Amino acid sequence: MLTQTPKGTKDILPSESYKWQFIEKKIHQVCRIFGYKEIRTPVFEHTELFQRGVGDTTDIVQKEMYTFLDKGDRSITLRPEGTAGVVRSYIEHGMSSLPQPIKLYYNISAYRYEKMQKGRYREFHQFGVEAFGAKGPDIDVEIISVLGFLFKSLGIKNVGLNINSIGCPVCRKAYNEKITEFLRPHLDKMCPTCNERFGKNPLRIIDCKEEKCKKITVDAPSMLDNICEECGTHFEGLKAGLDNIGIAYNIDKNIVRGLDYYSKTVFEFVSENVGAQGTICGGGRYDGLVESCGGPSTPGIGFGLGMERLLMEIESQGILIPDEDSVEIYISSIGEAAGKYASKLVNSLRENGISAGKDLMDRSVKAQMKYADKLGAKYTVVLGDDEINNNKVVLKNMKNGEKDEISLDSLCQEIINRR
Ligand code: HAM
């Protein structure tokens with residue numbers, strides 16, 4: 001136990017972390033282009049925020065939260081997702097009085113006590129975006145477009161976008177009555193969870209993955225066919241906006257999402273490469289959430305993208321992420337004087353922004369070169385007294401084995417020129 005991570009968590013080792021850094025860099029670039037600013041909220045919040053925000057009837061709140069009493073007897077929960085904390089922050093800092101829309105993004109860890117399967121962890125990471133204050137479908141299109149840009153910048157192809165509308169409280173009420181009537185005669189053939197949802201949130205029954213429930217709901221009336229005029233106009237606006245900038249989509253009437261706060265637009269990016277659920281990213285509009293958490297009535301929309309699943313997709317598509325962190329040059333040295341010289345040289349290379357390494361283990365030259373190779377150093381030189389006295393070194397390209405004699409003084413410039 002002592003030397004193993006808890007179930008559902010994993011270390012991100014150096015052999016993987018450079019990929020995360022690469023993706024995070026792309027995320028920052030794309031968010032900058034779209035004018036989204038980073039927000040960092042606490043890993044834990046008052047439990048009530050998630051009960052209210054994510055919703056009492058959700059699996060997350062009912063079964064999956066890491067909740068505990070702190071030493072002051074307050075009920076605290078590790079965030080199971082990012083939206084609720086950002087909404088809390090929007091209210092707490094009076095962001096509604098700033099020019100709208102407020103456009104935010106985050107890279108966070110999140111925690112859910114879930115059953116383990118491919119692409120599903122208990123500690124996982126999300127890149128998320130939230131936009132507050134804009135009511136019309138243009139922002140829905142923009143949010144989806146952020147993902148399109150990110151996928152493109154990473155070279156990801158063929159991730160399907162599914163969209164749906166789950167209406168607003170007005171049309172949902174009428175729909176709930178309709179679906180309740182449809183489902184009532186079949187309840188004894190449905191799973192216990194669906195029976196539980198029947199009284200509280202019947203729309204979620206559409207999302208059940210149990211075969212016996214799916215067989216029944218396949219003929220159920222869909223929310224999309226029952227949305228009100230306002231929600232219908234919004235959905236038409238979303239489709240027209242996506243068409244306008246050439247984003248392809250499918251309409252999937254079965255998307256209802258697993259969190260209670262959604263209204264109108266919901267969407268998912270799916271791929272068969274990322275495990276049973278197949279969802280890399282999910283999001284939607286939550287026009288009532290800010291108000292239900294105690295803030296002013298404010299429309300909102302966002303998404304959460306699973307970083308682990310994004311990496312799975314990248315690997316499945318055979319996309320190679322460059323390790324930009326590998327050592328550029330390794331200075332091997334023979335003897336004490338050369339060792340001292342190497343220390344100074346490495347220092348000056350580093351001052352010029354070059355990633356440089358040298359022996360720290362009193363190894364032989366042969367062992368130093370072997371180590372440089374293992375590090376993935378791009379270039380090496382071997383320094384001895386002769387090289388220092390004659391101001392000449394042989395620069396070896398470790399990739400193709402090519403060697404060039406250059407003056408020691410020009411080493412730094414030479415590495416920069418060769419980038
Ligand atoms: P979500 O669908 O619960 O939505 O999660 C978003 C994404 O996080 C999923 O599509 C998946 O890629 C990843 N994810 C969720 N649970 C796990 C897990 N146990 N292991 C690995 N990855 C996971 C939300 O969290 C909403 N807050 C999204 C949102 C933001 N909607 C509006 N704004």
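Me: Which strand gives the most to the shell around the ligand?

Reply: β10, with six residues. A strand here is a DSSP run of E of at least two residues, a helix a run of H or I of at least four, and both are numbered from the N terminus. This is a predicted model, where local features need pLDDT of at least 70 and side-chain atom pairs count only at pLDDT 80 or more, while totals for chains, interfaces and linings use all residues. Residues are numbered from 1 along each chain as its sequence is written, and side-chain values use heavy atoms, with hydrogens and water left out.

Me: Which elements supply at least two residues of that shell?

Reply: β6 (123–132), β10 (279–285) and β11 (300–306).

Me: How many residues surround the ligand, and which are the closest?

Reply: There are 26, and the closest are Glu81, Glu114, Tyr121, Tyr262 and Ile280. A residue is taken as near if one of its heavy atoms lies within 4 Å of the molecule.

Me: What is the shell like by class?

Reply: It has nine nonpolar, 10 polar and seven charged residues. Ala, Val, Leu, Ile, Met, Phe, Trp, Tyr, Cys and Pro count as nonpolar, Asp, Glu, Lys and Arg as charged, and the others, Gly among them, as polar.

Me: Which backbone atom lies 3.2 Å from an oxygen atom of the ligand?

Reply: A backbone N or O atom of Gly306. For nitrogen atoms of the ligand, a polar backbone atom of Phe303 is 3.3 Å from one, and a backbone N or O atom of Gly302 lies 3.5 Å from one.

Me: How much of the ligand does the protein bury?

Reply: 96% of the 650 Å² that the ligand exposes when taken alone. Such areas come from the Shrake-Rupley method with a 1.4 Å probe.

Me: Changing topic: where does Ser271 lie?

Reply: In the loop between β9 and β10.

Me: Buried or exposed?

Reply: Ser271 has a relative accessible area of 9%, so it counts as buried (under 20%; over 50% is exposed and in between is partly exposed, with a 1.4 Å probe and protein chains only).

Me: What does its side chain contact?

Reply: The side chain of Ser271 makes a polar contact with the side chain of Glu313, at 2.4 Å. A polar contact is a pair of N or O atoms within 3.5 Å; within protein, one must be able to donate a hydrogen and the other to accept it, and residues adjacent in sequence count only if both atoms are side-chain atoms.
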